[in-house]
Amino acid sequence: MSEFTGKQRVQKLFKREPLDRMPCFSGQGTVVIQAIEKMGAPFAKIHTDAKLMAESAITSARLFNMDGVVVPYDMATVAEAMGRGISLYENAEGIIYPTVPDKWKTLEEIDIPKDYMTQGRLPLVDEAFKIIKKEAPDLAVGAWVLGPFTLAGQIMELDILLKGLKKKKDEIAVFLDQVTQVTIDLCKHYQELGVDFISVREMGSGTDLLSPRMWKTLIGPNLKKVFDSITDVPCVNHICGSTDMIIEMMHECGADALSVDQKNNVAETRKKLGNDVLIFGNFDPYNTLTQLEDQAQVEAIIKKCIDDGQDAVWPGCDIWPDVRPENMETYTKTVREYGKKPSPAVGRL
Amino acid sequence: MATHEEILAKLKEAVVEYEEDDCAEAAQEALDAGMDPMVAVMDGLAAGMEKVGVLFDTNEYFVPEVLMCADALYKGLDILRPHIKLDADVPKASVVIGSVQGDVHDIGKNLVKMMFDVAGWDVHDLGRDVPLETFVEKQLDVKSDVLAMSAMMTTTMMGMKKVIAMVKEKNPDCLIMLGGAPVTRDVANLFGADGYAESAGNAVSEGIKMIGRLREYQKGDIK
């Protein structure tokens with residue numbers, strides 16, 4: 001029998017207190033098709049029903065003995081609440097996540113409504129958190145928000161935003177200030193709901209898209225403001241894509257932990273940041289959990305994450321829900337067993 | 001009056017420095033000087049974009065700069081393209097391109113599209129968030145030589161597999177190009193695709209390399 005509940009394990013991890021083993025959880029979506037099928041609901045429905053959202057999260061965690069849950073599953077909730085619409089693909093075959101159909105096309109059009117927090121599906125997400133906290137008090141509850149730049153790209157056309165970074169620097173800076181405040185307000189709200197950690201996903205800001213120089217002037221300072229505002233719960237700075245060139249700046253933003261994807265050279269990152277920093281990552285979820293058929297390969301990938309110096313093995317992005325159950329089993333089992341040895345920032349009992 | 005070499009250098013420079021007005025001006029200058037517009041496109045605009053590709057690969061330029069370079073290129077292309085003489089005996093190559101349903105991102109798609117525009121193909125751009133059946137319908141309708149699809153999000157890539165199967169069943173000669181951040185080369189192979197570009201970033205590199213090959217082809221270096 002485990003000494004800790006999943007919630008305790010995750011809480012202790014963030015405090016860097018000794019653990020029985022590495023917690024198995026994520027700040028990215030971990031809902032799996034096996035859980036959704038068990039509830040008999042179509043994929044589109046779990047985004048629009050608080051009970052289904054909560055239960056699919058809990059069931060996914062229970063099926064594979066994970067230590068935490070994260071909701072919501074899609075990136076469109078805030079943009080929808082701001083009146084940008086929502087495409088749910090209710091009649092589409094298979095798994096398609098909701099998207100934002102009507103982004104603002106110019107800076108001049110942007111008008112963030114004051115009451116967005118009570119609009120669209122945001123109240124439904126709040127309700128899902130309440131259900132999870134009640135029905136699964138043993139699990140760590142994770143909230144996540146988009147970082148200011150990524151959220152900006154959800155509410156306005158990304159190419160206009162990207163070109164604006166060069167062509168309309170001042171106007172874009174003002175817009176990003178506004179969006180930063182939205183991210184801060186959301187984090188404050190989720191802290192008040194009593195979540196156990198918040199992951200801030202600034203996933204559109206890796207150096208696949210932006211230069212380290214732009215990151216330093218336009219992304220880092222706003223992220224720092226966000227992390228400064230999260231005072232009651234631990235927080236994670238997650239960026240997928242290329243992060244090797246910006247990892248030190250990510251660290252300077254002040255989150256309790258960093259999360260990176262498979263493009264990051266974690267062994268190098270460890271050398272740069274030292275052993276005291278919590279680092280999470282960094283396996284490719286689609287390849288590892290959906291594609292691979294050889295369990296030895298899955299196990300080797302997860303073990304490498306641990307050997308490279310991760311304090312928690314997180315998927316680099318959302319888990320693609322259509323996982324092979326045996327791969328998911330191998331992933332979580334390897335974390336539980338191979339993660340009995342101490343990680344760089346967290347000792348073991 | 002500027003020499004043809006000087007005009008080509010100006011076109012190239014305008015693309016690299018993302019100067020839209022300069023690019024339009026140089027394109028007009030090329031026409032006024034009686035240059036072959038196809039030469040101006042290939043050795044001016046496309047050559048500039050190749051330089052942009054190098055700057056991108058060496059981390060000097062990032063996506064914002066590349067997007068602005070593309071805007072400059074189109075300013076010149078819009079002026080030059082109407083003057084390119086078509087060979088009536090050779091059918092124009094065509095492509096159907098779009099982002100798959102569930103994907104509202106189109107940066108990578110638009111950069112690949114630019115490559116086909118530069119090469120003078122007939123481009124049928126379906127836009128983004130395109131239902132699967134629309135790709136199939138359009139491809140079968142126009143019988144394009146290439147079908148290019150992009151999915152940036154992990155969540156949309158499975159759809160492409162279905163489209164490929166449907167198109168290949170009815171039109172096995174159509175070349176399929178896949179792009180998008182989550183689609184690895186292995187996945188592309190698995191789906192039965194013929195070409196591949198990894199992400200907006202790789203679409204830049206891959207697309208520009210294809211422009212380079214087209215330029216070599218035009219010069220007779222590739223048979």
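Buried, as I use the word today, means under 20% relative accessible area, exposed means over 50%, and partly exposed is in between, all with a 1.4 Å probe and protein chains only. At 7% relative accessibility, A:Arg21 therefore counts as buried.

Before I go on, this is a predicted model: local features need pLDDT of at least 70, side-chain atom pairs count only at pLDDT 80 or more, and totals for chains, interfaces and linings use all residues. Residues are numbered from 1 along each chain as its sequence is written, chains are lettered from A and ligands numbered from 1 in the order in which they are written, and side-chain values use heavy atoms, with hydrogens and water left out.

Back to the arginine. Helices (H or I, at least four residues) and strands (E, at least two) are DSSP runs, numbered from the N terminus. A:Arg21 sits in the loop between α1 (6-15) and α2 (33-39) of chain A. What does A:Arg21 touch, not counting residues up to four places away in sequence? Taking contact as heavy atoms within 4.5 Å, the list is A:Arg9, A:Asp67, A:Arg336, A:Gly339, A:Lys340 and A:Arg348.

With A:Asp67 there is also a side-chain polar contact of 3.0 Å. By polar contact I mean a pair of N or O atoms within 3.5 Å; within protein, one must be able to donate a hydrogen and the other to accept it, and residues adjacent in sequence count only if both atoms are side-chain atoms. A salt bridge is a side-chain nitrogen of Lys or Arg within 4 Å of a carboxyl oxygen of Asp or Glu. A network of salt bridges links A:Arg9, A:Asp20, A:Arg21 and A:Asp67. Over all chains, the structure holds 33 salt bridges.

Next, helix α13 of chain A, residues 295-308. The expected span of a helix is 1.5 Å times one less than its number of residues. For the 14 residues of α13(A) that comes to 20 Å, and the end C-alpha atoms are 20 Å apart, which agrees. Which residues of α13(A) are buried? They are A:Val298, A:Ile302, A:Cys305 and A:Ile306. Seen down the axis of α13(A), these buried residues fall within an arc of 95°, so they line one face of the helix. The arc is that of the directions from the helix axis to the C-beta atoms. An α-helix has 3.6 residues a turn, so residues three or four places apart point the same way. Packed against the buried residues of α13(A) are β6 (278-283), α12 (285-291), β7 (312-315) and α14 (325-338) of chain A.

Now the ends of that helix. At the start of α13(A), a side-chain oxygen of A:Asp294 comes to within 2.9 Å of the backbone nitrogen of A:Ala296. Just after α13(A), A:Gly309 has a positive phi of about 110°.

A:Lys304 and A:Asp308 meet in one, at 2.7 Å, N to O; both lie in the helix, 4 residues apart, about one turn. The other joins A:Lys341 and A:Asp307, with the closest N and O atoms 2.7 Å apart. A:Lys341 lies in the segment after α14 of chain A and A:Asp307 in α13, so this pair ties together parts that are 34 residues apart in sequence. A:Lys341 is partly exposed at 34% relative accessible area, and A:Asp307 is partly exposed at 44%.

On to the interface. How many residues of chain A are in contact with chain B? The count is 32, against 28 residues of chain B. The two chains bury about 2,600 Å² between them, 63% of it on carbon and sulfur atoms. Buried area here is the accessible area (1.4 Å probe) that two parts lose on being put together, summed over both. There are 4 salt bridges between chain A and chain B. One between A:Lys166 and B:Glu65 has its closest N and O atoms 3.4 Å apart. On the chain A side, α7 (158-167), α9 (212-229) and α12 each supply at least two residues. Of the elements there, α7(A) gives the most, with 7 residues. Its buried residues include A:Leu161 and A:Leu165, and their cover includes α4 (63-80) and α5 (107-118) of chain B.

Last, chain B itself. It has 9 helices and 5 strands. Of its 223 residues, 52% count as buried. B:Pro172, in the loop between α7 (158-170) and β4 (175-179) of chain B, counts as exposed at 55% relative accessibility.
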